[in-house]
Amino acid sequence: MEKRLVQEVRRRAEGRCEYCRMPEPFYPAPFVIDHIIARQHGGATHTENLALACFRCNLYKDPNIAGLDPLLGELAPLFHPRHDSWADHFAWTGAELVGRTAIGRATVAVLAINHPDSVAVRESLIAEGVFDR
Ligand SMILES: [Zn+2]
């Protein structure tokens with residue numbers, strides 16, 4: 001991927017995962033550039049289809065573009081950082097992220113955003129005052 005694209009995506013994300021909001025400086029692995037719509041589905045390598053993602057969100061998202069809303073059991077698209085407003089779809093309950101919509105709930109589930117390891121890291125960062133929710 002072109003260095004210019006990587007720099008633009010990183011600058012726009014302000015050092016945070018665009019899905020779970022984890023700050024990169026406090027995360028044990030470098031963040032990656034995620035294709036929001038995976039190349040497998042025809043997603044382009046263009047800034048409008050790229051997002052900064054932490055290792056875990058990227059790992060679990062893989063080429064997924066939708067998931068089941070665990071509340072309604074219906075298919076919902078995953079959160080799209082370029083088209084959707086984060087605050088419309090997510091809210092914090094302590095260190096756990098709660099989906100406010102079908103998109104938010106499906107994204108939290110598919111990306112395993114409340115994996116016990118992630119919650120533990122967020123709890124530590126919140127206690128240290130370096131995780132801004
Ligand atoms: Zn993340």
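Modeller: Start with the surface. This is a predicted model. Its accessible surface comes to about 7000 Å². Carbon and sulfur atoms hold 53% of that.

Biologist: How many helices and strands are there, and in what order?

Modeller: There are 5 helices and 6 strands. From the N terminus the order is α-β-β-α-β-β-α-β-β-α-α.

Biologist: What makes the protein as compact as a globular protein of its length?

Modeller: Compare two values. The radius of gyration is 14 Å, and the globule rule gives 14 Å for 133 residues. Along the principal axes, the C-alpha trace spans about 35 × 35 × 20 Å.

Biologist: What share of the residues counts as buried?

Modeller: Of the 133 residues, 44% do. Contacts also reach along the chain. Among contacts with a separation of 6 or more, 57% join residues 24 or more positions apart.

Biologist: What makes a group of residues a nonpolar core?

Modeller: The members must be buried, of a nonpolar kind on the list, and joined through side-chain atoms within 4.5 Å. The largest such core has 30 residues. Cys17, Tyr19, Met22, Cys57 and Ile113 have the most contacts inside it. At least two residues each come from α1, β2, β5 and α4. The largest share, 4 residues, is from β2. In soluble globular proteins, nonpolar side chains tend to be buried together.

Biologist: Now the rings. How many aromatic pairs does a search of the whole structure find?

Modeller: It finds 6.

Biologist: Why is the pair of phenylalanine 79 and phenylalanine 90 called edge-to-face?

Modeller: Look at distance first, then angle. The ring centres are 5.1 Å apart, and the cut-off for a pair is within 6.5 Å. The planes stand at 75 degrees, and over 60 counts as edge-to-face. So the pair is edge-to-face. Phenylalanine 79 sits in the loop between β4 and α3, while phenylalanine 90 is in strand β5, 11 residues away.

Biologist: How do you know that phenylalanine 79 and phenylalanine 90 are buried?

Modeller: Buried means under 20% relative accessible area. Phenylalanine 79 has 2%, so it counts as buried. Phenylalanine 90 also has 2%, so it counts as buried.

Biologist: What makes the pair of tryptophan 86 and tryptophan 92 tilted?

Modeller: Their ring centres are 6.0 Å apart, with the planes at 35 degrees. Stacked needs under 30 degrees and edge-to-face over 60; the rest are tilted. So this pair is tilted. Tryptophan 86 and tryptophan 92 are both buried.

Biologist: Which residues form the aromatic cluster?

Modeller: Tyr19, Phe79, Trp86, Phe90, Trp92 and Phe131 form one cluster.

Biologist: How do you know that a charge sits over the ring of tryptophan 86?

Modeller: The distance must be within 6 Å of the ring centre, and the direction within 35 degrees of the ring normal. The charged end of arginine 21 is 5.9 Å from the centre of that ring and sits over it. Arginine 16 lies over the face of phenylalanine 131, at 5.5 Å from the ring centre.

Technical notes. Residues numbered from 1 in each chain as written. Predicted model: local features only at pLDDT ≥ 70, side-chain atom pairs only at ≥ 80, totals over all residues. Heavy atoms only, no water. Buried < 20%, exposed > 50% of the residue type's maximum accessible area, 1.4 Å probe, protein only. Rg over C-alpha atoms; globule rule 2.2 N^0.38 Å. Contact = heavy atoms within 4.5 Å. Areas by Shrake-Rupley, 256 points an atom, 1.4 Å probe, with all protein chains shown as cover.
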